[in-house]
Structures are given as C-alpha cells and as structure tokens.
Amino acid sequence: GSEKGIQISGSTVDFEDIGGQNAAKKELQEALDFLLYSERMRELGIRPLKGILLSGPPGTGKTLLAKAAARYTDSVYLAVSGSEFVEMYAGVGADRVRRLFKKARELAKKEKKDRAIIFIDEMDILGAKRGSNVSHHEYDQTLNQLLVEMDGLGNSEQGPKILMIAATNRAEALDPALVRPGRFDRLVKVDLPDKEGRLAILKIHTKNKPLASCVDLEQIAQETYNFSGAHLESVTNEAAVFALRDDAREVNMFHFREAVEKVLLGEKLDRKPTD
Ligand code: ATP
C-alpha cells in the first residue's frame, strides 16, 4: 500500500538475497545490532542510533540493504524518495516530513511492532548543503524539519523506535548538519561489485532460470567489469528474453553474451578487462 509518495511494504528481502557487498552488509548489521540490543547500549551510556547513510553509485543494492535491515530488525518499512519533498509551495515539504514520521509511528502501532525504518532514497535532493546552488529556501525548511524530527527521536521511552536510513550517490553534497553525531552518523559505503560480488549477484538472479550446461557465470562475471547489481539483474533477464526469442528451453552462453552487449550499449558502460 502507499499514501502519496510513501511506499509501505512488508520487507521480503534478506541479507542473503544481496550479492557481494560483504563489507556493507557487515557494517550495516553491526549498526543494527546496536539497535536490537539498545538496553545494553543504554546501560553503557551509548547514544542511540538514529540514522544510517548508505552511499554509493546507482543500482548497487542500497534499497535492498534498507529492506533487509527492516526484516533483520522486525521493523515496519516506509520508503520515500527525496524528490517527493520538493514542492513549489512553502511549507508543503516540511509538512510532508512531519506526516512521514507520524505515519511511521501509526503504522508500527497498527502492526504491533516496536520499530519502524524510514528509508529516504535520493537524499541529496532533500539534503543538499544549505545555501548551495542546488539548495533553495523551500528545501531548507524541509531539511530543517527533518533535523527537528530526528533530534526528537529516542527522547521518549514510549512508542515505537524509528531508525532512518538514507541513500545517496553524492554523500559529499549533503549538508554537514545531516551527518553530525546523532543524525546520519553511520556511513556505510556501497560500491560497485568486484568479480566475486558480480558472480554472487548473477547466481542470485539466475536461481529461477533454466541454464544450459555451457553457461559459465564466472566467465560472465569476469566480462562485466563496472556493471552494477541492477545491470547484472538486467543481463540475466535479457538473456532469458533472448532464449525466448530463440525458442530455446534453456538460457545458453550465447544468450548471455548478447545480453551483456545489449546492457553495455544501453548504458554506454566502460568495460575494462580488469579485476
Ligand atoms: P538507486 O541508487 O538507483 O536507488 P540502489 O542502490 O538503491 O539504486 P537497488 O534499488 O537496491 O539499488 O537495486 C536495484 C535492483 O538491482 C534490485 O532490485 C536488484 O534486482 C538488483 N541488485 C542491485 N544490487 C544487487 C545486489 N547486490 N544483489 C542482488 N541484486 C542486486
């Protein structure tokens, strides 16, 4: 279900469904364990975790990681894009921020969960440095409201706990106020996958496809330098489409090669034969 730009869904993504990204997964899980064992943290006087920033190129699995985080912590999951807050009229963006947090609390209560995760994709659209070219007065109000809401998190003993996860591919463009302690102070870098990562991703997305015995996924992984997870998912899908066109019952190596070329052409990727 959803309400004007807010996507609400039960998360069905597990960390095992995310190929590669081992460092990111480990760091994220570590941060989430902080959340799960907050009692112990409080005893030690550790500041509660409020926000995690996922930073990396498009299509590398940031949304998947946020969804897996929701499942791992048994939280309700709300997702919204930073672009949803960009409005012509003053105050509308700030109001949307207020409503988003309210919605998260209501939803957690309704679903009888102790926690909610709010995922904001394209954070740089909403959280660009104030006073910079991209920033403009209306976004500043919106950003201020977000900071106010975040500062209020964890102050009350009652009600569901809210964790914010934001994604950006331009972490350096974010307003420094956003990444200050007590806000998005956990940075998790999500990079393009290396060869091992690409192989893991290819395996995940071919699980439901009949492969001919000639298919060498390691070879495909080798030949797809610079491809993101999203590109690799696309390769597996296109390969199956080529198989269909061939009236073949299995996807073979030829179909994969054609699919790689197609994705390369479509994205103008620079494929170098290294790593
Ligand atoms: P954007 O910055 O464009 O929002 P993103 O980093 O959030 O991108 P996702 O939305 O998580 O990327 O990934 C898009 C799709 O690509 C996923 O639904 C999945 O099919 C595939 N994908 C990306 N990364 C991975 C991965 N590490 N493992 C498996 N599939 C992946």
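A polar contact here is a pair of N or O atoms within 3.5 Å; within protein, one must be able to donate a hydrogen and the other to accept it, and residues adjacent in sequence count only if both atoms are side-chain atoms. This is a predicted model: local features need pLDDT of at least 70, side-chain atom pairs count only at pLDDT 80 or more, and totals for chains, interfaces and linings use all residues. Residues are numbered from 1 along each chain as its sequence is written, and side-chain values use heavy atoms, without hydrogens or water.

View 1. A polar backbone atom of threonine 60 is 3.1 Å from an oxygen atom of the ligand. Glycine 61 has a backbone N or O atom 3.1 Å from a ligand oxygen. For alanine 230, the distance from such a backbone atom to a ligand oxygen is 3.4 Å. On its own, the ligand has 630 Å² of accessible area (Shrake-Rupley method, 1.4 Å probe). The protein covers 78% of that area.

**View 2. The shell around the ligand.** There are 17 residues around the ligand (a heavy atom within 4 Å). Gly19, Gly59, Lys62, Thr63 and His205 come nearest. The shell divides into five nonpolar, eight polar and four charged residues; Gly counts as polar.

**View 3. The fold around the site.** The protein has 10 helices (DSSP H or I, at least four residues) and seven strands (E, at least two). Helices α3 (62-72), α7 (195-206) and α9 (229-245) each give two or more residues to the ligand shell.
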